[in-house]
Amino acid sequence: MPNEPNRTSDPRAPVREIRTDGVPEPVADGVGLCLSGGGYRAMVFHVGVLWRLNDAGLLKSLDRISSVSGGSITAGVLGLHWRHLEFDGVGVASAATFDAHVTAPIRDLAGRTIDAKAIVGGVLFPGSVGEKVAGAYDKYLFNGATLQDLPETPRFVINSTNVQTGALWRFSRPYMADYRVGRVDRPSLPLALAVAASSAFPPVLSPLEVELPAGAVRPTEGADLHRAPFTTNLVLTDGGVYDNLGLETVWKNFRTVLVSDAGGKMQPDPEPEHDWGRHALRVLDLIDNQVRSLRKRQVIESFRTGERTGAYWGIRTNIADYQLAHTLVCPFDRTTELANMPTRLKRLEADEQERLINWGYAVCDAALRKHVRPDLPVPPDFPYPARGV
């Protein structure tokens, strides 16, 4: 395994230290989980992932959960209700508490369309589209909770992209920060606002602005932009713009990295548009797709070389590629249908939700048994056995 000093210079690393981050902490022998973006598709898929991690006794052992976009909705719900989960002696939360405090509220939200309503409301009434989305999250999920309602352990990090600086703006219970601007200790920001900033999909739900009182942000080492308006008026967009895997805040700190990727993929277009507007959007999609693909390849390579331990699984994975003797039955054509669902905050039918949860559960199981815990028993069935994928 490469020595720690080399981790800042290795060009293969999907995340590298930035000098202005200050002196990096040693990589700890902990476990971090990364939840990608992808709208409701990702939000519901990740429920299945958490379900399998819980059944395996691994959920309680996580040290950090880092999320972006749709993954941040799921992470926010899990973090808010963490104290209600009744973990037994081997670290497995009871099925009743997991369903009541994680699965049920997320499925309830997945049964509602909020992006279209937010867009109309943002056009016709006071307040931005992003603020309308935050209001819906608060109404249906968070009920006035703040970042201080998240647990100390595991640490939940909800990531957004700072449009002003081009860096991550990280929300967590201990602090929220951008290394170029500074940090706010023990922030009392509404949890719904942090999740909305993380899932402000451009262009229609973005940007989301957050006003901070003068003096709230304290300077940190290397904060070259510690001045107004950077410190008083944040302009934020989807965390996936910077890092759609939510990888950075886990990779820099922990030896074992679990990556759950429910992100979208750009589709081929035999006749791309030539007008400047649509052509520009297509080119931006190309750039975004290449960055995502590169980061994914580098993560997988890091596991192969031993730089990190862990596993990557994706909504577009073919479960047969794990070459396990036994997996839950997941035909690739059926899982591809789920992967191709649009990246929206648009209502999902009950059967779509159950198929997504089943698929997240099954592919997480295969990745864990192949690369992390070969001793895990094969699960007897899907969370929703009658549905399959």
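This is a predicted model: local features need pLDDT of at least 70, side-chain atom pairs count only at pLDDT 80 or more; totals for chains, interfaces and linings use all residues.
Me: What percentage of the residues count as buried?
Reply: A residue is buried when its relative accessible area is under 20%. The protein has 389 residues. Applied to them, the share that counts as buried is 53%.

Me: How many helices and strands does the protein have?
Reply: Both kinds of element occur here. The counts are 11 helices and 10 strands.

Me: How far does helix 1 reach from its first C-alpha to its last?
Reply: Helix 1 covers residues 39–55, which is 17 residues. At 1.5 Å a residue, 24 Å is expected. The model comes close to that, with a reach of 25 Å.

Me: Why is helix 1 described as largely enclosed by the rest of the structure?
Reply: Look at burial along the helix. Helix 1 has 17 residues. It is largely enclosed because the number of them that are buried is 16.

Me: Which residue with a positive phi follows helix 1?
Reply: The phi in question is near 75 degrees. The residue that follows helix 1 with this positive value is G57.

Me: Which residue in strand 5 is the bridge partner of F171?
Reply: Strand 4 (residues 168–171) and strand 5 (residues 175–178) run antiparallel and are joined by 2 bridges. A hairpin through 3 residues links them. Across this pair, the partner of F171 is M176.

Me: How many bridges pair strand 5 with strand 6?
Reply: Strand 6 spans residues 182–185, and a hairpin through 3 residues joins strand 5 to it.

Me: How many residues does the largest nonpolar core have?
Reply: Nonpolar side chains tend to be buried together in soluble globular proteins. Here, the residues with the most contacts inside the largest core include L53, F171 and W313. Its total is 95 residues.

Me: How many residues are in the second, separate core?
Reply: Its members include L245, L247, W251 and V257. This core is separate, and its size is 11 residues.

Conventions: Residues are numbered from 1 along each chain as its sequence is written. Side-chain values use heavy atoms; hydrogens and water are left out. Helices (H or I, at least four residues) and strands (E, at least two) are DSSP runs, numbered from the N terminus. The expected span of a helix is 1.5 Å times one less than its number of residues. Buried means under 20% relative accessible area, exposed over 50%, partly exposed in between (1.4 Å probe, protein chains only). Two strands pair if DSSP finds at least two bridges between them. A nonpolar core is a set of buried Ala, Val, Leu, Ile, Met, Phe, Trp, Tyr and Cys residues joined through side-chain atoms within 4.5 Å.
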